[in-house]
Amino acid sequence: MKTSLNKNQIKILLLENIHPNAEETLQTQGYSNVTQLAHAPPEDELKAMIPEYHLIGIRSRTQITADVLAEANRLVALGCFCIGTNQVDLDSAAQLGIPVFNAPFSNTRSVAELVLAEAILLLRGVPEKSMRMHAGTWTKSAEGAHEIRGKTLGIIGYGNIGGQLSVMAENLGMRVIYYDVEPKLRLGNADPVADLNQLLTTSDIVTLHVPDTPSTRNLIGTAELAAMQAHAVLINASRGGVVDIGALAAALAEKRIGGAAIDVFPQEPKSNAEPFESPLLNAHNTLLTPHIGGSTIEAQANIGIEVAEKLIRFSDNGSTQSAVNFPEVSLPEHVNLHRLLHIHHDVPGVMSEVNATLSSAGINIAGQYLMTRNKIGYVVIDINREYSQDLLTRLKAIKGTLKCRVLF
């Protein structure tokens, strides 16, 4: 009879200087076989190393492509120790039965604080004044400098970060409006607006908090920048492809808007050793930061624990709650039971064959949990008797099966 791997046999790879508490959390739960690497391996290196690992943790620089995943014959789950998951081919992972987890909540405070700090500095003209000071020019003046109190903050994308930012901004005396493609519950006194143009034309500060999707690419371009008020400032701490950088550079050069703070870019260096190039390098009243919105000690510590715990829950009991590409199943503990995990294409007939296979083996089902998503089906079955290797072989042979494994 085949048994599931002991925890110390499960090989885990953590890349890109993930916070040490991720490894500590894993080891506390018995996962002692952890390898930590500081860098983001290039594709060839990653393809060579990935076949031996069962769980992998990455940050934003490691690119998990379809070609890389094709070599991952032992991989059962992937953790993105960050908010974004666009560095992973999510569809390919799902088709291979690999759930992907991230940390959508752990760095919201850090990003919101950076946006508020940038808004204050931009309204005071600090970036330009600082550049002049570094050049030896003393320009003491109140011209064009404003308090943030009483100003209108326009939030595009009212999700976790947008909502927290909304509350913090109101505490500073700001008026908050927001635009989202989906209805969102307003927090505090924030007001939703009917369309993007209304937000752009009435905001003193426009800040973006949207995902990278085809509909958000170049969401802010020449026309949108032209709709903004001449004194208004733009902040992007979401995704690099959301703002047309060339159009923004032109608007800043012609002083059609008051300034900008950009933390994410369409093309970013792959390491700190590579040079950074952008049309915004010499733009006036502009803050440029190297994708550090969530880069605080507190946020990275929170992320390390959050994603490590999600990987542990999936490995221990099969729970896929909050997976970004996979059917979400929240599961109880399976005390004194064996647990079968069957991942398959969501097509008619698979579940009837699974149940028929169990029935023909004389196995009684103590509990069954099924969810489907994006043409993938995930069924978790608790059984109350021993099973044979032959049973697993038969389950894996069912047409449409992607993966089948057992937990003890």
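Me: Of the contacts between residues at least 6 apart in sequence, what percentage join residues at least 24 apart?
Reply: In this predicted model, 64% of the contacts between residues at least 6 apart in sequence join residues that are at least 24 apart.

Me: How many helices and strands are there, and what does the C-alpha trace span?
Reply: The protein has 13 helices and 16 strands, and its C-alpha trace spans about 85 × 45 × 35 Å along the principal axes.

Me: And what percentage of the residues count as buried?
Reply: Of the protein's 408 residues, 48% count as buried.

Me: Which residues touch the most other members in the largest nonpolar core?
Reply: That core has 31 residues, and those touching the most other members are Ile12, Leu14, Leu26, Leu55, Phe81 and Tyr378. At least two residues of the core come from each of β1 (12-14), α1 (20-28), α11 (297-317), β13 (338-345) and β15 (376-383). The largest share is that of α11, which provides six residues.

Me: Staying with Ile12, what does it touch, leaving out residues up to four places away in sequence?
Reply: With those left out, Ile12 touches Leu26, Tyr31, Asn33, Val34, Thr35, Tyr53 and Leu55.

Me: Changing topic to helix packing: at what angle do α5 and α7 cross?
Reply: Helix α5 (residues 108-123) and helix α7 (residues 160-171) cross at roughly 50°, and their axes come within 9 Å. At that angle the two helices, α5 and α7, are therefore oblique to each other, and their crossing is right-handed.

Me: Which residues make that contact?
Reply: From α5 the contact involves Thr108, Arg109, Val111, Ala112, Glu113, Val115 and Leu116, while α7 brings Asn160, Ile161, Gln164, Leu165, Met168 and Ala169. By residue type, the contact of α5 with α7 divides into eight nonpolar, three polar and two charged residues.

Me: Let me pick out Ala112 there: is it buried or exposed?
Reply: Ala112, which lies in helix α5, counts as buried because its relative accessibility is 0%, and the cut-off for buried is under 20%. Setting aside neighbours within four places in sequence, Ala112 is in contact with Ile161, Leu165 and Met168. The C-alpha atoms of Ala112 and Met168 are separated by 8.0 Å, although these two residues are 56 apart along the chain.

Me: And α12 with α13, are they roughly parallel or roughly antiparallel?
Reply: Helix α12 (residues 350-360) packs on helix α13 (residues 389-396) at an angle of about 160°, with the axes 10 Å apart. Because angles over 145 degrees count as roughly antiparallel, that is the term for α12 and α13. The crossing of α12 and α13 is right-handed.

Me: Which residues meet in that pair?
Reply: Val354, Thr357, Leu358 and Ser360 of α12 meet Leu391, Arg394 and Leu395 of α13, and the residues of this contact divide into four nonpolar, two polar and one charged.

Me: One more topic, backbone angles: what is the phi of Glu16?
Reply: Glu16 is not a glycine, yet it has a positive phi of about 65°. Most residues other than glycine have a negative phi. Glu16 is placed in the loop between β1 and α1, and it counts as buried at 7% relative accessibility.

Me: What about Ser322, and where is it found?
Reply: Ser322 also is not a glycine and has a positive phi, of about 75°, and it is found in the loop between α11 and β13. With a relative accessible area of 25%, Ser322 is partly exposed, whereas Glu16 counts as buried.

Conventions:
Residues are numbered from 1 along each chain as its sequence is written. This is a predicted model: local features need pLDDT of at least 70, side-chain atom pairs count only at pLDDT 80 or more; totals for chains, interfaces and linings use all residues. Side-chain values use heavy atoms; hydrogens and water are left out. A nonpolar core is a set of buried Ala, Val, Leu, Ile, Met, Phe, Trp, Tyr and Cys residues joined through side-chain atoms within 4.5 Å. Buried means under 20% relative accessible area, exposed over 50%, partly exposed in between (1.4 Å probe, protein chains only). Helices (H or I, at least four residues) and strands (E, at least two) are DSSP runs, numbered from the N terminus. Contact means heavy atoms within 4.5 Å. Axes are lines fitted to C-alpha atoms, for helices over the stretch in contact, and angles run from 0 to 180 degrees between N-to-C directions. Angles under 35 degrees count as roughly parallel, over 145 as roughly antiparallel, 65 to 115 as roughly perpendicular and the rest as oblique. A crossing is left-handed if the near helix is turned anticlockwise from the far one by less than a right angle, and right-handed if clockwise. Ala, Val, Leu, Ile, Met, Phe, Trp, Tyr, Cys and Pro count as nonpolar, Asp, Glu, Lys and Arg as charged, and the others, Gly among them, as polar.
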